[in-house]
Amino acid sequence: SLGTLVCDLEPSTILASHPNILEKLKLCPALTGAQQDALNALLLSGDTAYGDPSRWDLQTLQDLGPLVVVLNQTTLSLMAEAAREGFRRSVAAAYISQGRSQREKSPMLLRALAAASAASQPRLQRSADRCQSEPITASNIEDIAFLVPEELDLCLSNDVLIENLKDVVNLPLTRQVSLVLKKKVDESFQGSGIPEEKLKHLGILSRLYTDKEISQWQVTCSDTLSALLSNSGGPWNDSQVQQLLSRYLALGGSLTGPLLQEIGGKRLCNLQEEQIQQIPAAAIRTAGKLNISPCSQSKKDQLYRKAREAFARLANSPGSYYCQIQPYLGGAPAEDLKNLANAGVAINMDLGTFLALNPEELQKLSVTNVKHLLGENLPELKEHEHEPLVVSWVQQQSQQELDCVLDIGLQGGRPEPTGTASPAATSMTTVTSPMPTTPASVTSMATVTSPMPTTPASGTSMATVPSPVPTPPASVTSPATVPSPVPTPPASVTSPATVPSPVPTPPASVTSMTTATSPVPTTPAS
């Protein structure tokens, strides 16, 4: 009834529980050290369904299932040697077909079984000069997985290891055993270096070599590089892969499509730009989809240019072209993106690809470009409207266009320009008909609704004039709006004014700021 809560039980609770608690503990993905100690104590009591450990056989160990991996040395050492030996062989035989998680646990279990065997045979530990058990040969090569490192070193000759290297690396090897095997490989080729044919079969052992050691390998064949990069040998670290690829390229190797797939997009990004430049376009064409999102922008640009060359033959089929070029669009310039948008077929770019575009190039796309690129995925853009890339793009677009063209509710675009200025504002003269010439200089700022007599001399007047204003005979600066015909002056006139009727010319220079509602007599010259 406890269900998965059993995995959180205190060690004391496990000890005080009914022995059937073991069956529930099998469901736990992991147990703490204290819980494992309590489990072993419960098994050592002999009061469980599995009985006393000294009477366990192969079937008992198989029935324990996942609990076997938490058995401690005390429990394992109580088992009969025949039971341990039979179980070790069954684990080794099943190793190749196991999943990744179980393959990681198997070497630890074998190491524990080997240590228990060593503890029950002290004479093996006392020997420092010869193998105390049966020497390893091609016929019993799988026994390598059952020996403790010290015994393995004495019982396995270098020659037998090199002759059977391909089979040895497929065994469930612990790190300690692997280190012994690496030492023997190095001893066998000391001075000459490991032959390329043997490099192909290093498997898990290859991961133990340093960057400096890898830089001395003779990796000239693509098959060798492919074998070394295979996941079956376990994980590489990035610096090892970088050194391995650098060595291969330095020796004249060429990166093919399958090799690029083995390398993967992430590690491809770790190559130097000069090395990326060496990748043939044909390799991109046969590499399948690579995730180059971790690359720097300059490397994305490089890879995009190579991909564009690789898939150029599909240019007349936009749909097919897009499917192939899509992983590399993070390096595409705006012009190429516009061409895709205007290809006349639905691209339906997913938002992941859209948000991975070069930010600088994305800002150059119009609202219509984006609509055509996203196609049926356009509504998803609203869900990502707070992404910095989307925010900056929206801010550069017309809000009216965002509303009318996209119609998905994006906000933050540029507002439309405002209307015409207020009538009260001062504006330059709007002339719809000729204005008489102005022979004298007149500065006039007026709102005129009726004619105003001419001013024969220089004067300053502020009045409301309900009658027409005669045109000044000199250059006039007059802020006014003239809705009725005004003759064009032959002299220089800057006239911002509102004049509803013809303006006669004053004979002398007049500075006039007037608001007039009745005729104003002329002012004698000063």
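Hi everyone, and thanks for coming. Please keep in mind throughout that what we have here is a predicted model.

Let me begin with the overall picture. The protein has 526 residues, and 44% of them are buried. Its secondary structure consists of 28 helices and four strands. How much area does the protein expose? The figure is about 25800 Å², and carbon and sulfur atoms supply 53% of that. There is also a number for how the chain meets itself. If we take the contacts with a separation of 6 or more, 68% of them are between residues 24 or more positions apart.

Now let's walk along the chain, starting with Leu-15. You will find Leu-15 in helix H1, which covers residues 11-16. Is Leu-15 buried, exposed or partly exposed? Leu-15 counts as partly exposed, because its relative accessibility is 45%. Leaving aside residues up to four places away in sequence, Leu-15 touches Ala-38, Ala-41 and Leu-42. Asn-40 gives us a distance to go with that: Leu-15 and Asn-40 are 25 residues apart along the chain, and their C-alpha atoms are separated by 9.6 Å.

Next stop, Asp-63. This residue belongs to helix H4, residues 58-64. Its relative accessible area is 39%, so Asp-63 is partly exposed. Which residues does Asp-63 touch, if we do not count those up to four places away in sequence? Its partners are Lys-26 and Tyr-50.

Let me move on to some loops. Asn-348 sits in the loop between helix H22 (334-341) and helix H23 (351-355). Its phi is near 55°, which is a positive value in a residue other than glycine. With 25% relative accessibility, Asn-348 counts as partly exposed.

Asp-407 has a phi near 55° too, again positive in a residue other than glycine. Where is Asp-407? It is in the loop between helix H28 (399-406) and strand E1 (440-447). Asp-407 is exposed, because its relative accessible area is 62%.

Then there is Asn-358, in the loop between H23 and helix H24 (359-362). Why does Asn-358 count as buried? Its relative accessible area is 10%, and buried means under 20%. What does Asn-358 touch, not counting residues up to four places away in sequence? The list is Gln-297, Asp-301, Gly-330 and Ala-332.

My last stop is on the surface. Asp-350, Glu-376, Glu-380 and Glu-383 form a negative surface patch. Let's look at one member, Glu-383. It is found in helix H26, residues 379-383. At 64% relative accessibility, Glu-383 counts as exposed, since the cut-off for exposed is over 50%.

We have a protein with 28 helices and four strands, in which buried residues make up 44%.

How values were computed: Residues numbered from 1 in each chain as written. Predicted model: local features only at pLDDT ≥ 70, side-chain atom pairs only at ≥ 80, totals over all residues. Heavy atoms only, no water. Patch = residues over 30% accessible without salt bridge, like charges linked within 9 Å, V, L, I, M, F, W, Y side chains within 5 Å. Areas by Shrake-Rupley, 256 points an atom, 1.4 Å probe, with all protein chains shown as cover. Salt bridge = Lys/Arg side-chain N within 4 Å of Asp/Glu carboxyl O. Lys, Arg positive; Asp, Glu negative; His and termini not counted. Charge placed at Lys NZ, Arg CZ, Asp CG, Glu CD. Helix = DSSP H or I, 4+ residues; strand = E, 2+ residues; numbered from the N terminus. Buried < 20%, exposed > 50% of the residue type's maximum accessible area, 1.4 Å probe, protein only. Contact = heavy atoms within 4.5 Å.
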